[in-house]
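Hi everyone, thanks for coming.

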Amino acid sequence: MVMDVMAGGKYNLASIITHAFPHEQLAAAIKTAAQPDKALNVVIRYDK
């Protein structure tokens with residue numbers, strides 16, 4: 001159900017992402033996500 005909501009385009013989910021990291025920077029992404037006062041939603045990108 002969550003994936004359907006995300007794919008539906010009704011909500012601007014990109015507006016709530018505070019940080020995005022390429023998968024090569026996984027450690028930095030985890031460190032950032034562990035700081036809730038600085039990061040709301042951290043995304044790890046697996047681009048082709």
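Let's start with R45, which is partly exposed, because its relative accessibility is 32% and that class covers values between 20% and 50%. Keep in mind as we go that this is a predicted model.

Who does R45 meet? The side chain of R45 forms a salt bridge with the side chain of D47, at 3.5 Å from N to O. As for D47, its relative accessibility is 57%, so D47 counts as exposed, the cut-off being over 50%. And how many salt bridges are there by this rule? The count comes to one.

If you want to find the pairing on screen, look for H19, which stands opposite V42 in β2.

What links up with these strands?

Stepping back to the whole chain, you'll see two helices and two strands, in the order α-β-α-β from the N terminus on. Along the principal axes, the C-alpha atoms fill a box of roughly 30 × 30 × 15 Å.

For those of you who think about surfaces: of the 48 residues in the chain, 8% are buried. The chain exposes about 4,200 Å², with carbon and sulfur atoms supplying 61% of that area.

Definitions and conventions
Residues numbered from 1 in each chain as written. Predicted model: local features only at pLDDT ≥ 70, side-chain atom pairs only at ≥ 80, totals over all residues. Heavy atoms only, no water. Pairing = 2+ DSSP bridges. Helix = DSSP H or I, 4+ residues; strand = E, 2+ residues; numbered from the N terminus. Salt bridge = Lys/Arg side-chain N within 4 Å of Asp/Glu carboxyl O. Buried < 20%, exposed > 50% of the residue type's maximum accessible area, 1.4 Å probe, protein only. Areas by Shrake-Rupley, 256 points an atom, 1.4 Å probe, with all protein chains shown as cover.
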